Amino acid sequence: MTVALEKEPISAENLKERLVDKIRLYLAKPQEVATRRDWWRVTCKVVHEHVVEAMLETQQRHYHENARRVYYLSMEYLMGRLLANNLENARLYDAMRDALAELGQELEDLIEEEYDMALGNGGLGRLAACFLDSMANLDLPAIGYGIRYEFGLFMQAFENGYQIEHPDSWMPYGDIWDIVRPEHIQDIQVYGEVQQVFDDRGEHKPQWVHGRTVRGVPYDIPICGYELGSVNFLRLWESKATRDIDFDIFNAGSYDEALRVKNESETISKVLYPNDETENGKELRLVQQYFFVACSLKDIVRRYRVSNGEWEGFPEKVCVQLNDTHPAIAVAELMRILHDENDLSWEAAWDITTRTFAYTNHTLLPEALEKWSVPLFSRVLPRHIQLILEINRRFLKTVKAHWPGDAGKISALSLIEEGPVQHVRMAHLAVVGSFSVNGVAALHTRLLRSNLFSDFDEMYPGKFNNKTNGITPRRWLLSINHGLSDLIREKIGDTWIKDLDHLRDLEPLREDPDFRERYMAIKHANKQRLAGIIEDLCGVSVSPDALFDVQIKRLHEYKRQHLNLLHILSLYHQLLQDPDLDIHPRVFVFGAKAAPGYVLAKNIIKAINAAGSLINNDPRIQDKLKVVFLPNYRVSLASKIIPAGDLSEQISTAGKEASGTGNMKLALNGALTIGTLDGANVEILEEVGADNIFIFGKTVEEVEALWKGGYDPQDILQANAHLRTLVEWIGSDYFTPGEHGVLQDLKNSWTSTDPYLCLADFDAYCASQKEVDTAYRDPERWAKMAILNTARIGKFSSDRSIRDYNRDIWKLKPIPRGQG
């Protein structure tokens with residue numbers, strides 16, 4: 001039986017009736033006393049019911065087709081707020097706005113009531129959210145899996161310029177969008193030991209026993225394709241104890257001990273990325289990863305067995321995409337399920353496993369590739385370490401055959417890193433256990449194949465491939481920038497919403513003075529809105545006529561927020577020397593969180609805030625510079641910054657950024673990029689053209705040559721008196737009176753090793769920034785460049801990314817509405 005969907009557009013009057021009914025029957029309140037949050041709740045409820053109808057119909061299609069599915073495993077999903085996005089995808093935004101207006105409510109105000117779903121940290125989690133959107137938009141049978149964290153990364157605040165972390169309790173009263181599925185609870189095991197027992201044929205068989213059982217409770221969040229053509233879901237696991245309390249211990253008076261096991265079990269899904277500077281933190285992160293992988297694989301196997309019989313067909317119906325290295329333990333877990341629990345031979349189990357998994361690598365930084373100490377791994381997952389050692393033993397036999405007598409290759413490729421303490425290399429496990437390994441930008445993939453995984457690439461010809469990242473235009477233009485999306489629809493229609501390449505039709509309009517004027521007026525209005533937010537959050541008054549220079553991304557040295565700071569200090573120093581210096585006023589906008597244990601990253605935040613505090617209140621520079629660091633950067637804040645950005649800072653050290661997606665979001669909304677030839681910047685340059693982007697700095701090859709030649713930052717400082725002054729300036733107490741030496745760590749990072757080449761790229765960066773200033777002073781030229789960035793960014797739709805994944809890796813059959 002197929003669920004009937006409403007075929008006629010839902011009217012504002014119909015929505016109004018539903019909203020009023022929900023106030024009465026869902027919240028049990030008279031309409032007259034309903035608060036703004038009450039109206040938000042019932043608005044979400046009405047939209048949710050509409051979406052769930054489409055989800056049920058979609059899942060029936062998939063079931064009747066016995067569809068091959070992709071299962072997307074990710075530790076992060078940076079979903080943000082869902083109300084506005086779901087309204088747009090359901091084509092209900094305008095009708096809902098009108099219905100609420102008749103009830104005395106503003107939809108935009110209600111949207112602000114929603115907490116951001118705190119299920120991710122940075123680009124990895126936001127990419128996963130964009131990909132889920134595109135899978136649904138393309139009618140692909142897909143399910144995401146992750147963890148339902150009670151607390152997100154953290155809520156960021158600033159005190160005296162320092163980052164302070166507070167718990168991010170994003171669902172204090174539950175989540176209005178998710179659906180609990182108690183019928184699909186999964187119990188998994190951790191710790192314990194492995195015993196050798198005799199099976200019913202009298203043969204030895206390893207058996208994992210005496211472990212601690214943890215229960216995974218699934219919650220489903222509907223994921224809408226545009227016009228609700230398909231609605232998939234994201235399944236998130238919450239950890240629970242199998243017993244709430246030990247009453248014998250409780251009644252004996254040991255109250256804390258009676259609750260210990262319950263608390264330990266439920267800690268697993270408490271916090272996204274517990275600080276792994278401690279051994280307990282490392283252990284919890286490993287348990288988290290196994291918990292969500294084991295629950296997910298049990299659920300995948302359950303779904304497969306409903307409609308299928310023999311194991312041999314498993315890879316024909318199941319493709320599991322590992323989003324980075326965190327879920328790599330899935331390789332060993334599937335082997336355990338097949339070999340231990342279902343008695344398949346090692347060879348048969350390995351054949352199925354290696355035809356099931358595909359692995360996406362997201363980093364070129366060796367230190368970011370997860371490794372677990374063998375003692376820790378053995379304690380938490382005693383059976384899995386045995387399986388990994390056997391996988392490694394068999395794998396190294398093929399390495400020896402490929403490179404006879406080459407001990408160096410064995411050491412480099414082994415799944416076990418030798419040393420005083422052995423470590424399991426999870427990225428190696430993912431590569432060996434997957435049929436496909438992809439990078440996320442053309443340059444990133446080239447460097448994976450030539451540097452990080454060069455020997456694996458030689459061993460496995462054809463396994464490595466590129467899938468350049470993308471962003472969903474439904475979220476990152478249609479939902480966040482109504483002014484621009486309405487103008488585009490007026491001029492070229494709305495086909496671009498599902499096929500972003502159609503934005504190319506805007507190119508001729510750059511020559512139309514009326515279009516340019518309207519396009520830039522929308523940008524100005526977005527800047528006015530952001531200026532109000534800046535004043536509210538930072539207490540700093542900024543002019544929307546200034547150039548808005550934006551750097552919003554995770555705080556890490558390789559992303560070089562401190563290079564941006566050096567340029568700001570350079571301008572400030574020049575203005576102090578010459579207050580009449582002819583530069584266009586500029587507002588530098590930062591948004592970033594630093595990991596709680598990342599001391600230097602937090603020092604950079606302090607430095608930016610300290611410099612900003614002085615610059616913003618210095619009358620001598622006549623408001624030509626403003627520096628604001630917006631607190632608690634998240635998706636909902638990005639949604640307000642991105643439409644207002646004029647300049648997009650993508651200035652990572654060449655060879656360090658895998659892709660980046662902030663560059664794509666800002667360009668789509670008409671910001672020009674200043675950046676290095678790193679990550680997806682290389683491909684953005686190819687698409688928008690060299691005249692519409694500002695490229696500077698050393699290339700990957702030049703960076704490598706610099707290090708091979710023995711780079712010493714002191715050589716640059718001795719040759720550049722201005723730069724030397726800036727570095728000494730930041731290291732002094734000038735910006736931090738009364739806090740002696742607090743910025744010495746930042747100064748020392750530049751003067752000792754300058755590991756991310758800020759000093760080496762400084763002159764080129766400042767020269768490029770002068771080109772920016774010149775271009776911005778020519779409004780017609782800048783408008784044409786901005787329009788071409790919007791028009792030529794179509795390649796970077798996540799729809800294109802997902803089409804590429806499906807064509808080359810997943811090979812799913814789309815199942816659109818009306819089929820199945």
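**Strands, helices and their contacts**

Modeller: Strand β20 (residues 547-552) and strand β23 (residues 647-650) run parallel, joined by two bridges. Helices (H or I, at least four residues) and strands (E, at least two) are DSSP runs, numbered from the N terminus. Two strands pair if DSSP finds at least two bridges between them.

Biologist: What should I know about the model itself?
Modeller: This is a predicted model, so local features need pLDDT of at least 70 and side-chain atom pairs count only at pLDDT 80 or more, while totals for chains, interfaces and linings use all residues. Residues are numbered from 1 along each chain as its sequence is written, and side-chain values use heavy atoms, with hydrogens and water left out.

Biologist: Back to β23. Which residue stands opposite Ser648 there?
Modeller: Val550 does.

Biologist: What is the order of the open sheet of six strands?
Modeller: The order is β22-β21-β20-β23-β24-β25, and the pairing is parallel.

Biologist: Which strands stand at the edges?
Modeller: β22 (625-629) and β25 (694-695). Each has a single partner strand, so one side of each is left without a neighbour in the sheet.

Biologist: Which strands does α22 lie across?
Modeller: α22 lies across β20, β21 (586-591), β22 and β23. Its angle to β21 is about 155°. Axes here are lines fitted to C-alpha atoms, for helices over the stretch in contact, and angles run from 0 to 180 degrees between N-to-C directions.

Biologist: And how do α22 and α31 cross?
Modeller: The axes of helix α22 (residues 561-577) and helix α31 (residues 758-776) come within 10 Å and cross at roughly 55°. α22 and α31 are therefore oblique to each other. Angles under 35 degrees count as roughly parallel, over 145 as roughly antiparallel, 65 to 115 as roughly perpendicular and the rest as oblique. The crossing of α22 and α31 is right-handed. A crossing is right-handed if the near helix is turned clockwise from the far one by less than a right angle, and left-handed if anticlockwise.

Biologist: Which residues in α22 and α31 meet?
Modeller: From α22, the list includes His562, Leu566 and Ser570. On the α31 side, Phe762, Tyr765 and Gln769 are among them. Contact means heavy atoms within 4.5 Å.

Biologist: Next topic, α29. Which residues are buried there?
Modeller: In helix α29 (residues 721-731), they are Leu723, Leu726, Val727, Trp729, Ile730 and Gly731. Buried means under 20% relative accessible area, exposed over 50%, partly exposed in between (1.4 Å probe, protein chains only).

Biologist: What do the buried residues of α29 pack against?
Modeller: They pack against α22, α23 (599-616), α28 (713-719), α30 (744-752) and α31.

Biologist: Which residue caps the N-terminal end of α29?
Modeller: Asn720. A side-chain oxygen of Asn720 lies 3.3 Å from the backbone nitrogen of His722. A polar contact is a pair of N or O atoms within 3.5 Å; within protein, one must be able to donate a hydrogen and the other to accept it, and residues adjacent in sequence count only if both atoms are side-chain atoms.

Biologist: Now Asn806. Where is its place?
Modeller: In helix α33 (residues 798-810).

Biologist: Why does Asn806 count as buried?
Modeller: Because its relative accessibility is 11%. A polar atom of the Asn806 side chain lies 2.7 Å from the backbone nitrogen of Leu812. Leaving aside neighbours within four places in sequence, Asn806 is in contact with Leu140, Lys811 and Leu812.

Biologist: How many bridges join β14 to β18?
Modeller: Three; strand β14 (residues 357-360) and β18 run parallel. Ala358 stands opposite Ser436 in β18. β18 also pairs with strand β19 (residues 464-466), in the parallel sense over three bridges. There, Val437 has Phe464 in β19 as its bridge partner.

Biologist: Last one, the hairpin of β5 and β6. Which residue takes a positive phi?
Modeller: Asn160, near 55°, in a hairpin with two residues between the strands. Strand β5 (residues 155-159) and strand β6 (residues 162-166) run antiparallel, joined by five bridges. Glu159 stands opposite Tyr162 in β6.
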